[in-house]
Amino acid sequence: MNIHEYNGPDDKDRHSLPEDLNNDLEAYKRSEDDKISLTDSEVENALGQVLGQIEDEEQDREEHTTGFSFNWKLMAIAATISFIGMLFVLSIPISVEVPHGETAVVDLPDGTSITLNSGSELTYSRFYDYLRRNVTLTGEGYFDVYSDPEDPFTVTTASSVVKVLGTEFNLTDWGVSSGSKAKLAVAEGSVEFTELTDNRSLVLNQNETAVITESSEITSTSAELDNILAWLSNNIAFQNDDLNEAFNILERRFDILIQRDQNLSLQSENITAFYHQPNDPESIIQDICTIKGLSYQKTHNGFRISAN
């Protein structure tokens, strides 16, 4: 069997074909002629452009993802810094400082009320109502403590710790700057009074008083409670106080400066006196100087005490 190559109909054959078939054949040839023929290099270039475009899109996507991740890191760092700052602020205790010449009342979240004398300072935690009921005192304060048997109330001073459940008491401790130790007077209930140096303790009941001496001993005293609490009614009561402490009381009460000559032995001289709501410190200073053989002079901001 012989096989011959067929190259399509020649012109003679096309003339003999039906018109519709002949038209289709011409259209096919035209489409074949219009086809674009690409070389290998052109194909490689086109493929390289496509791959490059894909790589660019991938890089843009990665940059967007990296930027998004970086923004989240910045937000996390900022949130951490804010949280640490908030904790720092909350760790700072609340402090109440009373100016000389004034008194102040502090009401704590649990219902405890504290009256502070002139020049006193009270500090306590911002979490007082959620943690332990602890406060710190420098100066003098009268405490009316809300009763809570499951959560004792504690006051810490420079030389003592007072621990109670629910009671009323007056506590004085001006720290080492005044040279005096803590003094405690119980108006109601019972109080545990502890000296910090040797951890000695004493339990005081209603109308009992005690002091911590210079040798860190706790001793009971027989002071009159009304005189101890005189300052609450704007009175001044000296109870066998040495002259140095008496002048300190007047400085705080009237917001003045009382200078004292260095050659005076004021701590060896004591005084007991009561003044009902005095408005003028000079009359008190004059009484002290007259009784103790001293002299005084007015200064631009107070008085100067010297020997006669």
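Is Phe127 buried, exposed or partly exposed? Select Phe127 and check: at a relative accessible area of 34%, Phe127 is partly exposed. Bear in mind throughout that this is a predicted model.

**Stop 1: the patch around Phe127**

Stay on Phe127. This residue sits in the loop that runs between strand 4 (121–124) and strand 5 (133–144). With Phe127 they make a nonpolar surface patch of about 370 Å².

**Stop 2: the whole chain**

Zoom out and switch to a cartoon. The protein has six helices and 18 strands. It counts 308 residues, and 33% of them are buried. Take the contacts between residues at least 6 apart in sequence: 44% of them join residues at least 24 apart.

**Stop 3: Thr112**

Select Thr112. Look for it in the loop between strand 2 (104–107) and strand 3 (113–116). Its relative accessibility is 0%, so Thr112 counts as buried. What surrounds it? Leaving out residues up to four places away in sequence, Thr112 touches Val106, Asp107, Tyr128, Arg133, Asp144, Val145, Tyr146 and Phe153. Show Tyr146 with its backbone. A polar atom of the Thr112 side chain lies 3.0 Å from the backbone nitrogen of Tyr146.

**Stop 4: the aromatic pairs**

Next, show the rings. How many aromatic pairs does the structure hold? There are five. Select Phe238 and Tyr275. This aromatic pair is edge-to-face, with 6.4 Å from centre to centre and 75° between the planes. Phe238 belongs to strand 14 (residues 236–242) and Tyr275 to strand 16 (residues 270–275), so the pair ties together parts that are 37 residues apart in sequence. Color by accessibility. Phe238 is buried at 1%. Tyr275 is buried as well, at 15%.

Move on to Tyr296 and Phe303. Their ring centres are 5.9 Å apart and their planes meet at 65°, so this pair is edge-to-face. Tyr296 is partly exposed, at 23%, whereas Phe303 is buried, at 6%.

Then select Phe143, Phe153 and Phe169 together. Ring pairs link these three into a cluster.

**Stop 5: Ser216**

Go to Ser216. It lies in the loop between strand 12 (209–212) and strand 13 (218–221). Is Ser216 buried or exposed? It counts as buried, because its relative accessibility is 9%. Show its surroundings. Apart from neighbours within four places in sequence, Ser216 is in contact with Lys181, Glu195, Thr197, Asp198 and Arg200. Pick Glu195 out of that group. The side chains of Ser216 and Glu195 make a polar contact at 3.5 Å. Then pick Lys181. Ser216 and Lys181 are 35 residues apart in sequence, and their C-alpha atoms are 8.4 Å apart in space.

**Stop 6: two asparagines with positive phi**

Most residues other than glycine have a negative phi. Asn199 has a positive one, near 60°. Find Asn199 in the loop between strand 10 (191–195) and strand 11 (201–204). At 58% relative accessibility, Asn199 counts as exposed.

Now jump to Asn240. Its phi is also positive, about 55°. Where is Asn240 placed? It is in strand 14, the strand that holds Phe238. Asn240 is exposed, with a relative accessibility of 51%, while Phe238 is buried at 1%.

**Stop 7: Asn244**

End the tour at Asn244, in helix 5 (residues 243–254). Which residues does Asn244 touch, not counting those up to four places away in sequence? They are Arg260, Leu266 and Gln267. The C-alpha atoms of Asn244 and Arg260 are separated by 8.8 Å, and the two residues are 16 apart along the chain.

How values were computed:
Residues numbered from 1 in each chain as written. Predicted model: local features only at pLDDT ≥ 70, side-chain atom pairs only at ≥ 80, totals over all residues. Heavy atoms only, no water. Patch = residues over 30% accessible without salt bridge, like charges linked within 9 Å, V, L, I, M, F, W, Y side chains within 5 Å. Areas by Shrake-Rupley, 256 points an atom, 1.4 Å probe, with all protein chains shown as cover. Salt bridge = Lys/Arg side-chain N within 4 Å of Asp/Glu carboxyl O. Helix = DSSP H or I, 4+ residues; strand = E, 2+ residues; numbered from the N terminus. Buried < 20%, exposed > 50% of the residue type's maximum accessible area, 1.4 Å probe, protein only. Polar contact = N/O pair within 3.5 Å; in protein donor to acceptor, adjacent residues only side chain to side chain. Contact = heavy atoms within 4.5 Å. Phe/Tyr/Trp six-rings, centres within 6.5 Å; stacked < 30°, edge-to-face > 60°.
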